[in-house]
Amino acid sequence: MDRYDVIVIGAGQAATPLAHALAARGRRVAVAERARVGGSCVNFGCTPTKAALASARAARQARTAGRFGVRVGAVRVDFGAVLARARAIAAESRAGIERGLAGDNPRWLHGAARLAGRDGGGFRVRVGEHEFAARDVVLDTGTRTAMPSIPGLLESGVLHAGNWLDREDRPDHVVMLGGGVVALEMSQFYVRMGCSVTLLERSARIAGREDEDVAAALQRVIAHEGVQVFTGSSIERVEGASGALRVRATHDGAARWIEATHVFAATGRKPNTDDLGLDTIGVEPDARGIIAVDERLRTSVPGVWAAGDIRGGPQFTHTSWDDHRILLDQMTGEGRRTTRRIVPYAIFIDPELGRVGPTEAEARAHGLDVRVHRYDLARSGRAREMDATEGFIKVLVNLDGTIAGAAVLAESGAELVHMYVDLMNAGAKAAVLRDAVHIHPTLAEAVQGAVSDV
């Protein structure tokens with residue numbers, strides 16, 4: 001058998017940087033990937049969705065240019081061109097990763113990989129018809145859409161995170177199942193492309209991870225642009241095929257049919273751990289398919305590690321990427337990095353929501369004594385000048401003056417939240433931000449204004 005120091009199964013956001021870093025330190029490394037390198041982020045997630053959202057934003061700006069005294073003609077969206085641009089950017093990113101795996105170390109093993117038992121102190125990995133051995137194995141196989149069990153859904157040609165980029169027929173009416181991050185971003189994308197969108201969320205409100213005031217603001221944003229939102233809705237069945245569908249849904253105790261051309265399932269993610277041969281080495285995922293790890297990303301079997309979405313916890317590209325730094329530390333002996341880290345995230349609708357730390361509700365539930373400081377964007381001179389006054393900033397400050405968390409719902413909120421993130425990582429007090437001199441006029445003044453009375 002061909003032997004390696006480390007074999008990484010799955011070429012997600014932790015895999016390739018880890019492989020290159022270990023190879024640079026003299027380890028012989030292989031990355032096994034059955035399909036496209038780069039994981040969900042590059043192929044259908046972060047990269048192409050943000051490219052498509054940029055096109056949607058451009059369409060929105062053109063339609064509302066009159067508010068700035070700019071007159072434009074009728075705005076026409078070339079839906080195929082929008083998707084082609086997003087695919088091209090994704091392909092460019094993927095090609096760069098492929099070039100990095102074209103050599104002998106790290107080496108790309110093309111094919112579906114399965115663990116095939118022990119090999120002395122290491123493990124055997126079967127890739128296609130070939131078998132390899134490795135002292136350490138890293139699992140980084142990511143997730144796929146968790147398709148709800150709704151009669152007729154699969155037969156309807158359902159859209160989801162994994163296939164939306166390849167469907168160039170612009171929907172006339174999308175029924176969006178779910179009210180989380182993917183549902184919100186894709187709802188705003190489709191409505192700005194000129195589609196009708198009806199969002200059905202099973203729970204009492206959308207964005208269930210957020211505080212009620214933040215979730216309510218997010219709903220106002222998408223509703224103002226034309227998305228019909230129904231919470232507390234259950235979907236009974238789907239009839240027809242793509243282009244001519246009927247969705248049977250119950251809302252407020254009343255059942256009705258919704259006519260649509262497409263259904264988009266944004267109902268969560270399922271770990272890709274059900275076909276890895278984990279039983280051959282004694283690793284057992286939980287009922288959801290998650291592989292349990294400790295704070296150093298070690299599984300229950302020494303020498304087997306898990307990174308990215310399959311290991312539970314925050315499922316973001318940036319946490320997956322940071323996982324490679326934890327693994328590198330552990331495998332090269334330093335061992336200082338762990339999953340004890342501050343993890344921000346964002347919802348990339350317009351305006352963006354940048355978030356870090358607990359919500360106010362979570363802080364109260366855990367007995368944290370925090371003071372809440374709020375700043376409405378309507379107070380910001382820069383926001384008024386940009387016609388971007390929708391939103392607010394909410395900061396949780398501990399009694400010792402340090403920042404516990406923040407929600408920034410604002411133009412460029414995903415960028416602005418990092419001022420709070422960096423203070424939290426430094427253990428610095430909010431007064432550092434309060435007493436700084438910020439450029440006028442900027443949105444950064446609003447970030448400062450939110451803690452002006454600390």
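This is a predicted model: local features need pLDDT of at least 70, side-chain atom pairs count only at pLDDT 80 or more; totals for chains, interfaces and linings use all residues.

Reader: How much space lies in the largest cavity?

Author: About 70 Å³. The structure holds two cavities of 30 Å³ or more.

Reader: OK, and pockets? How much space is in the second largest pocket, and which residues are closest to its centre?

Author: The second largest pocket has about 550 Å³ of space. Its lining has 19 residues, and R60, R67, D350, D387 and A388 are the closest to the centre. Helix 3 and helix 6 each supply at least two residues of that lining.

Reader: Which residues of helix 4 are buried?

Author: F79, G80, V82, L83, A86, A90, R94 and I97. They sit on the same side of helix 4, because they cover an arc of only 155 degrees around the axis. On the other side of helix 4, E92 and R99 are exposed.

Reader: What do the buried ones pack against?

Author: Four helices: helix 1 (15-24), helix 2 (39-43), helix 3 (46-63) and helix 5 (181-192).

Reader: And helix 3, what does its buried set pack against?

Author: Helix 2, helix 4 and helix 5. The buried residues of helix 3 are T47, P48, T49, A51, A52, L53, S55, A56 and A59. Helix 3 has 18 residues and reaches 25 Å from first C-alpha to last, close to the 26 Å expected.

Reader: Where's Q188, and is it buried or exposed?

Author: Q188 is in helix 5. It counts as buried because its relative accessibility is 3%, and the cut-off for buried is under 20%. Leaving out residues up to four places away in sequence, Q188 touches V221, E225, I349 and D350. D350 also turned up among the residues closest to the centre of the second largest pocket.

Reader: Now the greasy part. Which residues have the most contacts inside the largest nonpolar core?

Author: W164, M176, F189, Y190 and L218, in a core of 43 residues. Two or more residues each come from helix 3, helix 4, strand 9 (173-177), helix 5, strand 10 (196-201), helix 6 (212-224) and strand 22 (403-410). There is also a second, separate core of 25 residues, including L416, A430, L443 and A446.

Reader: Back to M176 then. What is it in contact with?

Author: Setting aside neighbours within four places in sequence, M176 is in contact with A183, M186, S187, Y190, V197, T198, L199, L200, F264 and A266.

Reader: Last one: where is R167, and what does it touch?

Author: R167 is in the loop between strand 8 (159-160) and strand 9. Not counting residues up to four places away in sequence, R167 touches F79, L83, G157, V158, L159, S242 and H262. Of those, F79 and L83 are among the buried residues of helix 4. R167 and A365, 198 residues apart in sequence, are 43 Å apart in space, C-alpha to C-alpha.

Definitions and conventions
Residues are numbered from 1 along each chain as its sequence is written. Side-chain values use heavy atoms; hydrogens and water are left out. Buried means under 20% relative accessible area, exposed over 50%, partly exposed in between (1.4 Å probe, protein chains only). The arc is that of the directions from the helix axis to the C-beta atoms. Contact means heavy atoms within 4.5 Å. A nonpolar core is a set of buried Ala, Val, Leu, Ile, Met, Phe, Trp, Tyr and Cys residues joined through side-chain atoms within 4.5 Å. On a 1 Å grid over the protein atoms alone, a cavity is a set of points where a 1.4 Å probe fits but cannot get out, and a pocket is an open set with protein on both sides within 12 Å along at least five of seven lines; lining residues have an atom within 4 Å of a point. Grid points are joined across faces, edges and corners, and a volume is the space filled by probe spheres set on the points. The expected span of a helix is 1.5 Å times one less than its number of residues.
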